[in-house]
Amino acid sequence: MDRRQLLTTLGTTAAGLVAAGAAARAQHEGHGHRDQVHEDCLKACEACERSCNETFHHCYEELAQGKKEHAKALHLVADCAKFCDLSADLIANQSPLMAHACAACAEACKACAAECDKFDSPEMKACAKACRECEKTCREMVKAMGGHEHAN
């Protein structure tokens, strides 16, 4: 499989994951009660996932133009989007495992923001900003739940 096929496959996979995550969240909208920490984290995870997916396309375009320095960012934004999707799904489901996902999501967002900050483009800066906000709300979620080591 050549690079173009691989990138196309990655893009298609990311789009499928976005659609599946959105469907799962829509199915669980309105069920149960979530406090403000949960709501803020859910919104930040969804916004960060969307931003990472948009940035994936930007990185893909940059790589296609031969700018290999975007390769690491391409991987990180794709991975970060998956962490955000998982966290958002578990928050929407009110899963007892959401603190674990949010702790991992915060670390993914931290790494993604650091990589995106290395670039001086509006797309990359916007992604870094969304990642930092998601990291912050995920850490607040974990703290509100008493830490992920003790989550039930």
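Modeller: A residue is called buried under 20% relative accessible area, exposed over 50%, and partly exposed in between (1.4 Å probe, protein chains only). The model is predicted, and here local features need pLDDT of at least 70, side-chain atom pairs count only at pLDDT 80 or more, and totals for chains, interfaces and linings use all residues. Residues are numbered from 1 along each chain as its sequence is written, and side-chain values use heavy atoms, with hydrogens and water left out.

Biologist: Which pattern does the protein chain follow along the sequence?

Modeller: Helices (H or I, at least four residues) and strands (E, at least two) are DSSP runs numbered from the N terminus. The protein chain has 5 helices and 0 strands. Read along the sequence, the pattern is therefore α-α-α-α-α.

Biologist: What percentage of the contacts with a separation of 6 or more in the protein chain is between residues 24 or more positions apart?

Modeller: A contact means heavy atoms within 4.5 Å. Of the 152 residues in the protein chain, 43% are buried. Among contacts with a separation of 6 or more, the share from residues 24 or more positions apart is 75%.

Biologist: How are helix 4 and helix 5 oriented, roughly parallel or roughly antiparallel?

Modeller: Axes are lines fitted to C-alpha atoms, for helices over the stretch in contact, and angles run from 0 to 180 degrees between N-to-C directions; under 35 degrees counts as roughly parallel, over 145 as roughly antiparallel, 65 to 115 as roughly perpendicular and the rest as oblique. The axes of helix 4 (residues 98-116) and helix 5 come within 8 Å and cross at roughly 155°. The residues making this contact include Cys-102, Cys-109 and Cys-116 of helix 4 and Cys-127, Cys-134 and Met-141 of helix 5. Because the crossing angle is over 145 degrees, the two helices are roughly antiparallel.

Biologist: What is the handedness of the crossing of helix 2 and helix 5?

Modeller: The axes of helix 2 and helix 5 come within 8 Å and cross at roughly 150°, so these two helices are roughly antiparallel to each other. A crossing is left-handed if the near helix is turned anticlockwise from the far one by less than a right angle, and right-handed if clockwise. The crossing of helix 2 and helix 5 is left-handed.

Biologist: With which side chain does the side chain of Glu-62 make a polar contact?

Modeller: Glu-62 lies in helix 2 (residues 36-64) and is buried because its relative accessible area is 12%. Leaving aside neighbours within four places in sequence, Glu-62 is in contact with Lys-67 and His-70. A polar contact is a pair of N or O atoms within 3.5 Å; within protein, one must be able to donate a hydrogen and the other to accept it, and residues adjacent in sequence count only if both atoms are side-chain atoms. At 3.0 Å, the polar contact of the Glu-62 side chain is with the side chain of Lys-67.

Biologist: What distance separates the C-alpha atoms of Lys-143 and Ala-103?

Modeller: Lys-143 is found in helix 5 (residues 122-144), and Lys-143 is exposed because its relative accessible area is 70%. Lys-143 and Ala-103 are 40 residues apart along the chain, and their C-alpha atoms are separated by 9.5 Å.
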